[in-house]
Structure formats: C-alpha cells, structure tokens
There are 2 protein chains.
Amino acid sequence: MKPPAAGGGAAAEAAASAGVVGTPMRRVDAEEKAAGAARFTGDLTVPGMLYGRVLRSPFASARITRIDGAAAGRLPGVRAVLTGRDLVDMDPYYGHAIKDRPVIAIDRVRFAGEPVAAVAADDVATADEALAAIEVDYEQLPAATTLTAAMRPDAPRLHEEPLRAGLFHGLGDLRREDGNICYHYRFSRGDLGAAFAAAAVTVEGEYTFPAVYQYAMEPHTVIAQWGADGLTIWACCQHPYLVRAELADLFRLPLSSVRVIVPYIGGGFGSKSYTKMEPLTATLARKAGRPVRIVNRVDEAMVTTRRHNMSCWMRTGAARDGAVIARECRIWLDTGAYADNGPRVAATAGDAAPGPYRWKAVGVDAWAVYTNTPPAGSYRAFGAAHLSWVAESQIDALARKTGLDPLEFRRRNLLRPGEDVRPGGKPLDADLIGDVTKVASAVGWGEPKPPMVGRGLSVGLLAAGANPVSTAAVRLQADGTAVVLVSTSEMGQGSRTVFTQIAADELAVSPARIRVMGADTQFTPYDRSTGASRSTTIAGKAVQRAAADLRDQLLDMAAAAWGLPVASLEVRGGAVWHETEALSYQDLIKRHFGMVGGELIGRGEVRPERGTGSFAEGPVFWEVCIGGAEVEVDPETGRLHVRRLASVADVGKAINPLLVEAQDEGASLQGVGNALFEEMQFEDGQLINGTLLDYRIPSTADLPDEFHSIIVENADGPGPYGAKGVGEGAQAGVPGAIVNALGDLGIDARELPLTPERVWKLIREKR
Amino acid sequence: MKPPAAGGGAAAEAAASAGVVGTPMRRVDAEEKAAGAARFTGDLTVPGMLYGRVLRSPFASARITRIDGAAAGRLPGVRAVLTGRDLVDMDPYYGHAIKDRPVIAIDRVRFAGEPVAAVAADDVATADEALAAIEVDYEQLPAATTLTAAMRPDAPRLHEEPLRAGLFHGLGDLRREDGNICYHYRFSRGDLGAAFAAAAVTVEGEYTFPAVYQYAMEPHTVIAQWGADGLTIWACCQHPYLVRAELADLFRLPLSSVRVIVPYIGGGFGSKSYTKMEPLTATLARKAGRPVRIVNRVDEAMVTTRRHNMSCWMRTGAARDGAVIARECRIWLDTGAYADNGPRVAATAGDAAPGPYRWKAVGVDAWAVYTNTPPAGSYRAFGAAHLSWVAESQIDALARKTGLDPLEFRRRNLLRPGEDVRPGGKPLDADLIGDVTKVASAVGWGEPKPPMVGRGLSVGLLAAGANPVSTAAVRLQADGTAVVLVSTSEMGQGSRTVFTQIAADELAVSPARIRVMGADTQFTPYDRSTGASRSTTIAGKAVQRAAADLRDQLLDMAAAAWGLPVASLEVRGGAVWHETEALSYQDLIKRHFGMVGGELIGRGEVRPERGTGSFAEGPVFWEVCIGGAEVEVDPETGRLHVRRLASVADVGKAINPLLVEAQDEGASLQGVGNALFEEMQFEDGQLINGTLLDYRIPSTADLPDEFHSIIVENADGPGPYGAKGVGEGAQAGVPGAIVNALGDLGIDARELPLTPERVWKLIREKR
C-alpha cells in the first residue's frame, strides 16, 4: 500500500483536486475552440455524403398548384429532389407540441420561407442550380401576417384540420378554439371583480413585444444517414433525446434505431431546441439513399425559428398603502405558421404575468395565434422575457401612484422564500428582496440623478428546469482517469467544464483526469434537454450522483481490502486514504480486475421526486429575473444610453463563477438588444431585414458604462452543492429595468424595442 | 395496469421472447452484410483525411545509411513523409509483450517488408508516387532468415539491446538468453529420467510446422485523427482496449485521451489481435497534422503478421499396458523480427505439448526465436495448433507399439472431468472420452476400410479465455427497446447476434428489441479482447449480468408499485407479471421518470474469481481440440483426399447452434488448409508467395465428402447458461486427425503441410 503514483505524486494530486467546484476554472474546450480545432456539425462529412439545399416559398400563403422537380433531377450531380409527394411511409407531420407542420410543404405553404422542395446533390453549387430548375406554380391565397389580421373573425385560417397533440405537448387538452388560435392557456385565482373593486389605484395598458431572432452564430446544420441499423443524425440540436423521439415517431422506428449525435454547438439560445431541420434532412437522405448534409444560411435560419412577437393587455390594482391586490392580463403571442413551442411559450408568458407578488386575485389568458409568418419557438427566458417588463412597468406605475419608492414598493409586496409562487407548485427558493436591493445599489439607487437620467428596477421569476429527468454515467479507467457520459449539448454555456468540476470534486481528482463526452443517444444516457437553465442543476446532479456512486464503489473496495469500515476512510488526490495509508484508484482497479485493466462504472439519475421538494416537476427551481438600469436619454434624438446595468445571478452555488458571470452577462446584453433595437421586420409576411447587416444585435459598442453581474450563493437550489441554473433570468430582467428607468423620467414606454425614433416620439407626446 | 401494448400485443411479444437462447437465430448483421451496406474501416472517411502508404524494406537485414524524403515531400499533394527520425516526443518502440518494434524503422531493418518510410498525401496515387521518390541507401547486413540460422552460435543478432517488457507481457521475467532467443518458456513436473526409465515403450521424433497466413478477407486498415481531445483511431482491431493502452503508453497520454473505434471487421483469426498498424498510422497523422487512413494491400498484410513456423523434438513413453508415463518436448518457434505475441505462443505451445493425459513426468522447453522474417503473432488456436498434431501422432505411435486401438488407448489415458490438467489450474471441464468417441463414430471408426484409406483421431486442449475481464452495460429505453454496450469486436464470429440472444432472454423480450453497438472505447465498457474463444463466455457473461441487473431493477419497481414481494413476480414478454396483471417495461419507465422519457442502465462485469473456479485466470475454460478424419491417399501422386472429417464443439451450451457450427466448420477447414497445403515460402527472408494466387487457402473444392461438426452441450462452462467458447479447437484437432489417418496407413508424417510431393516421398521411403 503506497501513496498514489499518478502525475506529480500524491501531494500534487491532492492539492490539484482540492475543491475545484466554486473556482473559475478555464473552460475545458477553451484551447480547442480558440485554435479553431473544435468540430461543429458543419465541419463533419460522412462517406458518400451529399449536399442538401432547400427551395423556399416566396409567398406567405399560397396553394402549390404544380410542382415539378423532373428537370432539376436530370441535372448532372443531382441525386434526389424531394417534395411533399415523397412523404410516404411516414407521418408527414411533426411538431413536439402540435403535429401541425409538414416535413416539407404539402400542396400549401403558410409562410414565406417555408420549404417546398429540397435537393441533394454532389455539391452545393449543383444543388443550388437544381433549386432554380424546380418548377413550382403557386396560387396565392389571402394571408394573415399579423396578430391583428389573424384574430379577425373573417381571417383566413391557417389550419383547418383538428390539431393533433405532439409527443411533448404536455399542456392539457388540445381543444380547438375558433379561427387561428393554436393554444389557449388560462388561469385565475381569487375573485377578480371584487379584488379590483377594492383596489384604490389601478393601472392599465396595452403593450407590444417585437419578433426577434435568437442569433446563434452557427445556423442550423444537420447530417442524416440511413443504414441497416436505422437513422443516424448529426445535428446542432439542444434536445437530442427529444429529436430522437420525434424522428422515431415520424419514421415509425424503435427509439434505439435512431441515433442523434451532437457535436459542439455554436450557440443555441433556444433556436436549436426541439426538432427543426432534422426531419427534412432525414427524409431527403432517405430519398437519395445516401447521407445528406444541410447547412442553413443565416437568412434561412432566420425563417426557421424566431421569438414570438406579442400583444398584451394588462391591468393591475393596489391598495392606497401600496399593497398589491389584483392583476388581469390577456396575452396574444404570434406563433407563426406552425406551433413549434408556441403553446409552452403562451403558458410560460401567462405564468410570468402575475410576477412574484402576493395577489388577492389574478386572471390570465394567453393565446398562441397562428399567422402567416415563420414559426416562433423558444428563446432564452421565453414567456418571462415577454411579460416581465410589462408586469414590472405596472408595478412602477402603481408605486408612483401610491407615492412609494419603487424599491420600497417591491420590498413590501415581493414574495419571500418559502412562500407559494402559485398554488401547489414549488415554493419560492430565492431571496428576491435581497437580490433586488443588491441591483438597486449597483445602479446607484437613491443617489442624486443628473438631468435626463433615470433608474429602474425589474423583478420577475422564471419557472426553470423543464422536466427533471437526466441520467449520467462516469467510467473510471485503469489509469485513474474518468470519462463522463451525459447527454447535455455543449453549446457554449460551458456544461462540459461544469461537469468536469463536479466529477473531479466528487472523485477527489484533478480535473485534468476527467473527460466529458458529447451527446450521442446510442451511447450517452438519457437527458431530457439542454435548456430551461436546467443542465447544471439537473444533468449536473446526475453527474454528481454517478461520480458519488463510483466513489462509493472505491470506498467499499478499499474498506474490503483493509478490513476497515468505510466511515474510517476518505478520498483525496485520486486515492482512498486511511490515516496515512493510501490505495490509489489505479491500485484498486488493479486489485479488482487483475493486471490487464477493467473499469468501474458509476450511474446517476435525477427524476421527479414528488413530495420531497427537491426535484419537483413544476418548476424544478425558480430562476430570478432581476435587473437594474440607469439610463440617460438624449431628448433631441431619443437615443437611450445605458450608463449602469446590473443583474443578479441567484445561483445557489456558483460551480464556476466565471461561467456564471458569462451566462448572466450574455443574457443581460441580449436583454439590452431585445429592449433597445432588435426587431424582425415583416411586410406582408416577408422578412425584410433577414441579414445581419439589416438586423442589428448587440455589440461591444452597446455595453453599458458599468456592467454588474451579481452572483448570489445561498445554496438554496436542488442542484449539486445547492446550485440553481442561470443564464435566462437577466434577459427577462433587463428590459423591465430599462423601461422603468424611462418611466423614472416620465416616459411611459409600452412598445419594444425602444428605438430612438420611438423614444423621441414618447418624449414629444409627453411634452 | 394493463398488459403491455407493444408491437403485436403481449401474447405475441411473450411468444417472441420465449427462449431465443439455444435457437439458430439469423445473424443480426446478415442483411446489412449481404446487401453490402455494412461499414468496415476502409469504407470510412473523416473530414480532411489523407491517404497513407508505406515504403517497405527490400532487404531482410540492413542498415539504413541514408534516408531522404525531401524530394517526395515536395511533390504536389504530399502532406507528410515519415521516417524513423520523426519518432520524437514518444516512445519509439512498441510491442504488447516486448517493446522491441520501432513504429517505423530506425536506422536498421530486420525483415523484408519492414516499414522504412510512410507518406500521407491527398490520394493514394500521389502517395505511391511519393514512395518512389524517397531516397534510401541501405548497407546490407548478414541475415538469419531461418530458425536454424538464427540459433547458430555465430548467428547475426537481431536485437542487441536488453528486452523491455511490454504492457501485456505477463509471462514472468524477461531474462535475456543468448543470441536470438526472444523468450524461453519451460516447465517440468515429476522425475523425467526415472519416468522414461520405467517406460516400456517410447517414441521420439522431430517435427516441423510451416509459417502460415491468417488470411482475413479485410487487410489491416487504420484511420488516425488527432484533436484537442487526443487521438482517435478507427481500426479493424480485435483488442481495442489493449490497442488503446499501447497507444496511450506510446504517446504518453491518459487512457481517456485515446479513443479506439472498431467498425465491423472483415475477419480476424488473430491477425488483428493486439497492436499492428495503429502506431504507424497515428504517428503519420501526427506529423501530417491531419487525419490519415492506411489500408494494407494483401501482400502488405502478409508481411504484417503470420503464424509461427515451428521445429520441435518430442519423446513420449508408456508402460507395456498402454498407460502413458512421460513426455519430453523442445519447441522452437520462429517469431520473426519482432516479438509480437511470440512469448505467449511459445508458452501456449509448451502448455499444449503434454496433451490431456495422466503423466508421471513431463518436461517442456519452448523458445520463441527472432529471425529476419516478418513478425509472427496470433492465429486461431495458436500453440495448440502447433503441438497437438505432434503430441497426438506420438500417442498413436504408442498405441501401435502397445497393440492397442488408438481410441481405446485414449480412453485409458485421457483425463476425466474434474481432473487437474496442470497443477493449480482449472480442472478439466469437458468430457474428452465422450467427445472423441463421438468423432470416432462419425468417421466410421471400426468399420471396414477400403485400400489406402486410413482413419485418425486427435485430442487436445486449449487454454481458452485469456484474462477474464469484461464489462458491459444494457440501456433500456422508454419504448422498451434496449441498447447493449460491450466492446467485443464483431469480426464475423457473430458476437452481436449472441449478445442479442442473451440480452433478449434475460430481459424476456423479442430479440428485435435489442441493439448491440460496436466497440468504441470512449463509450463502450472495458473488454479485455476479442479472441481466445472468450467473447461468448466472458463478454457474454458480462452482458448477461448487465441485463439481469436491469431486470432486477424492473422487478423492484414493479414490486414497489404493486406492494408485492419480488419473488411473486416474473418477467415475460417485455413486462413484469403478477399472475394475470402486467406492467410493461414502458409503463415502469414512465412511472419512474414521468412522461418525458428516461432510461434504466444495467451494469455487468466479469473479473477473475479466485477460488470459485468459475472465472479462473488460467485458463477460464478448456477448449477441446478434437478431430477425426478418414483420408484416402493416391499412392501414385501422393494426393490426400479427406473423405470424412469430424470435429467437436464442446460448448457447454450452444447459444446459437448455427453460429457454433459455423465457427467449428471454419476452424476445421482452416485446419485442413494448415495440414494439407498452406505455407508461406521465404527465400533469404523474401516472401515468394505473397499473393493469394500463389498462397493457396482452402476452398469449397477442399471440403471433405462428409463434414461433421458435433455440438456437445454439457452446460459445464462458466459462461452464460453454462456456455464455453468455440472456434479454435477444431483447427488444432483436425491436423492431428489427418496425420494419424496417414499413420493408420503406415505413413509417418512429421512435416506439415502434407503436400502431395511430401506424401509421395513418405510412401516411397516406407516402401
């Protein structure tokens, strides 16, 4: 029995392994990505692979009266031309919430940009040439390209047929309402009429939120390959297991005959959640009889998914002393031509409407509405980002009406830890008052203000975690290094780094000994999805449990070898120790298997733990959406300048503070973009700013003068070491803070984005 | 609680899952392979891949006085030229038993065909052109190209430096003997001198066995790719985990930074055991900075590995009544220029020398000897194939001398089940007397014989199983299908089919629900190797245990759901049943995880179980090498015709009788080839029949008139359902049977192969 011989010896190893959780460890993929060596789906080829391109509808609404790919198919190098007629021996429709979307247009198109044909060819140029040779005759139909148009009683209907629930609908009955309603979410608590009657002050208004684009650097890319063993997909997808389920359902295959492999992803932000280009690529590959890769161009990605634009009406009432009483809200979300995640966005928006306050009555209706525009889906903090600024601007308005300081108003009304956010759900697990006080302080709350400078706060909650189901395995190799298998998609958020830290700490080894693999559904255990701020909390917990399971096996082996109780042993520096004697993990594996090798496998799972409160289904934890802003407005131009911006990452435990900060800062800055200038502009359903020259996203020039990301660690999360997820909240907190900073200047903004023109007009109106 | 809803309903599923173990289920890869859709390493490409070609030494022994790849490197399309000077930042030598082999020649070449340079280029033609442009000056050195030449006291020495043990030497001290001895294995039991003195009859002789080629249809093929995460190898290797270990050792990487992926293999027979072309390909890719694929041509494969040719002296004594007394044997195995698996072949040959008899004394020396010929390694039944026919021809000679029928002689002397084969090892676990009686009967033992027709028997044992270390995982998906992860290489032996059957039976589901993945060291659990007839017995046991672990989890869940004891439940048709109520696996997973999905992971491992006898290290089980033959000789031509051939597959339990038979028949026919005509011919170290036109392997024309493969199922193996491995024994049993059939005609053959010329000469000598 000797101390472990690994690397720089036991002492060095023990030092290296001491508490890497909580430290700002450099990303494990930093070098690879900085060197340009990291492989993304678009960097991959498979033998015999063809290049796919998609012909898209020029019309927002039309009947396809004729489509003829014969001439295109005869071009040299063209291997397959796919149209709606090829959707045989499969379910032609998909959609995780509602199966309303054809894999490729069948007789009818519902938005400008909808795929009507696809070509697989030997190279992209040939495929593009073939697209031009496809003959399509359209009969234009009346289109409903705005929420207003789609809600008219005589609006043209996008979907005539009854809606079929998708595999992951999960939002109750799909009772079809009239017209273009895709989904209706409603709830009410208390007696609204009586509550409003008792309110001494009320505010009321209509609000709009623009369609915005998630803008991940990597557009959607998919490779599909069919073989005797089924379908293999390489895709930049955030939810490999849900994509697998949808593809299996679509092609009527067992789950284990669909393999989804996820290389590095160049940003997701929700744009790569659920199923996007995978069915089309798979169907094209099936027809071509060869593997096919489709890489969206940016303008194609922009008509593949987007954030819902919204119209909303809200009324809020409070008592004379500033106690909130009642809120009523009606929300219309433009989900575009197909549901995608619209139902869930509607539900989440509805849930976000009340905000974290102590109401006597609330009543909320949220509708996802079909329009002849590109489908809208998930985007960071969806629902909460739509509603928080609305809800919080009415809180500020009430504060002003009751003569209270907005911070004080919130202190009086905000829920406290342990209080029910909604009946029967997860009680509040965050110190909102503490958090908002911190951001207020960071933006100079209470300090004297120069002219045309305003300050605002915003507090909201986001139901985070999605379904708490993740599984993981940790494989300890004979040299004491370990491979972590977990199906989280690494899309820049740093999950591999965080899992490395967790596994290293649980096993008491240097993080250099840990390697976290990417998702491959045929090999890496089930994970519900990457999104909803869930990965550190849920997948991370599964990794922690798998590593702990492994550690327990090692402790048991050492205990047996020494004839000592496990309680007298500890792990440290890649070894099990009893006082001054050590058995390295290598030694233990050698004793267990003999000299040739072998490995130990630890398993971990997270599943809904009803009654325990730790992994509840709704939600797993509450993510705070708290922002503070100090803005300056140029009255001559309407230009708004953010002087100070603060947000809170209330993460329970920052497993990697550097990554927490990066997530929070990124979300804040996307919040600035959404609040100030991002907007997809449509004319008659045509996207007219579908390039990154025309569609502006935040750059370093948009950074506030001061930028505070405040990490709060109260160990009140259900994740490893008390962690809660992060990365969405700030995006929903920042716009409200900016809107309320304008409100502080008497500017009542009800439409985003706050372009100079719009602000200038508001200033004029006010004067 | 409803009966399971899968597929054709519970009854169909239950019927389909009833006892697939023991049935001749069609190979799971049959369609794929018949359709040409199965992917082998040579079918794969990776992005940016270059094509590698190897320049080989024209001399058996030479000094490289100058090597200049500059001109080659300047050719357009050439990306790297590798020579021995590039073996920096790594261990330049590899070898799992002895690290004696340079990755590419360093200053000196030791056999004709040894790689001296390698080129990576944009295509194969350019690479070949570049090979021709590499300038090499050689100074020829004296060569020892035969065993005789290499054993002379003044023989040129191939290796001057002390031998370094490889990672998997495992055969005791590497004390260097004089000259060209690579390894010396010896043992003796009892007093040899006294025993022989007591022997009434003795026989003695010298024997030779030729160098033969394993001839797998697919030559060695490797793709190597370096990335930020280390080295990835796709290779047709039988031992992915041992290759991983050697590569990690060579390049000083952690095990988890080397990934070895094994696509389908087009036959192995030992030729792809351990490490072959992987280090060279990896080093070339490292220099090129891009992935490289090297595909051996057949003539290159033939100088990459082969079976050891052998010279041997043996003496055996018996009592007047036919009781065997003593045997003495000296074996010289020509291991070629580098050790490869020579030490283990020497040990196995030594162990095979006594045969399964009750000796009073034995003494064996076996030497692996270096010569200036291509390295010799593993080939089906190595060692046993070399020695069994020698040992058994002396048994027949003793039978004749003592006037006993050879079958009767064996019945009196053969070990019986439970007897020690060698002290302290695994006791005999096969009914040899029963087995040999069966083959005797199959070849007409005791029936009248036409002129020039002889019959022979041969009985031997092979220490099978190598090290009993395998691990496996079975992943049950939400739809009740399961993925089996196990690192056995599917090389045509049918392991994926057998594992499918085992997992299906343990889980009580249809085999259509099971998918067995190929080996990928980053994802599939540790397996020692594919070879030594071990996979069904050891990896199969790990799969069985993993599936059983999963089943136990399902039973526990159902027991908890019903509040019933596990003992009152059973699994059947993809469901857990209590009397007439069922919970399908799908239902159980849904209850456990909620509706979104999830998976259950079963783990299984096999490791040496000292003392229990079930998974002993030496050996795991005894594989019988039993053949019977009836041959007819044409005295005019010496041509030998096999009229009847029989072998025994004493498998404990035939999990798939069709595959057992295929293994046994293949081994028998390779035995025929080795016995009758296969021989690699060298002149001054140059292989002169290095094509498949010149090197003859058995074809359907060589099939015996009657071909019996007798499956014996005594459930006496340590594997699943009492299984023992199969596939090697017949190759070692058949040659002895043929040799003894000649002996039956008075023809005393001591050299293989039994070419017509050789047999004709023996007939002449006899006359």
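Mentor: Let's begin with a convention: helices (H or I, at least four residues) and strands (E, at least two) are DSSP runs, numbered from the N terminus. The model is predicted, and local features need pLDDT of at least 70, side-chain atom pairs count only at pLDDT 80 or more, while totals for chains, interfaces and linings use all residues. Residues are numbered from 1 along each chain as its sequence is written, chains are lettered from A and ligands numbered from 1 in the order in which they are written, and side-chain values use heavy atoms, with hydrogens and water left out.

Trainee: Thanks! Where is Pro753(A) found, then?

Mentor: Pro753(A) is in the loop between α18 (729–744) and α19 (756–766) of chain A. Most residues other than glycine have a negative phi, and most peptide bonds are trans. Here, a cis peptide bond joins Leu752(A) and Pro753(A), with omega about -5°. In chain B, Leu752(B) and Pro753(B) are also joined by a cis peptide bond, with omega about 0°, and Pro753(B) sits in the loop between α18 (729–744) and α19 (756–766) of that chain.

Trainee: And what is the phi of Tyr274(B)?

Mentor: Tyr274(B) is not a glycine, yet its phi is positive, about 55°. You will find Tyr274(B) in the loop between β13 (258–261) and α8 (278–288) of chain B.

Trainee: How do I read a sheet? In which order do the strands of the open sheet in chain A stand?

Mentor: Two strands pair if DSSP finds at least two bridges between them. In chain A, 3 strands make an open sheet, ordered β6-β2-β8, with antiparallel pairing. The edges are β6 (108–109) and β8 (135–140) of chain A; each has a single partner strand, so one side of each is left without a neighbour in the sheet. Strand β2 (residues 62–68) of chain A is joined to β6(A) by 2 bridges, and Arg63(A) stands opposite Arg108(A) in β6(A).

Trainee: Now the two chains. How many residues does each bring to the contact?

Mentor: Taking contact as heavy atoms within 4.5 Å, chain A gives 57 residues and chain B 58 residues. Buried area is the accessible area (1.4 Å probe) that two parts lose on being put together, summed over both. Between chain A and chain B it is about 4,800 Å², with 56% from carbon and sulfur atoms. Phe523(A), Val596(A) and Arg603(A) supply 15% of what chain A buries against chain B, more than any other three residues.

Trainee: Which residue forms a salt bridge with Arg603(A)?

Mentor: A salt bridge is a side-chain nitrogen of Lys or Arg within 4 Å of a carboxyl oxygen of Asp or Glu. The partner of Arg603(A) is Asp549(B), their closest N and O atoms being 2.8 Å apart. One joins Arg306(B) and Asp334(B), with the closest N and O atoms 3.3 Å apart. Arg306(B) lies in the loop between α9 (298–302) and β15 (309–318) of chain B and Asp334(B) in strand β16 (residues 324–336) of chain B, so the pair ties together parts that are 28 residues apart in sequence.

Trainee: Last one: what rotation superposes chain A on chain B?

Mentor: Copies are superposed by least squares on the C-alpha atoms of residues with pLDDT of at least 70 in both. Here a rotation of 180° with 0.0 Å of shift along its axis does it (RMSD 0.1 Å). The two copies are thus related as by a two-fold rotation axis. Of the residues of chain A, Phe523(A) comes closest to that axis, at 3.0 Å (C-alpha). The same surface serves both copies, as 100% of the contact residues of chain A recur in chain B.
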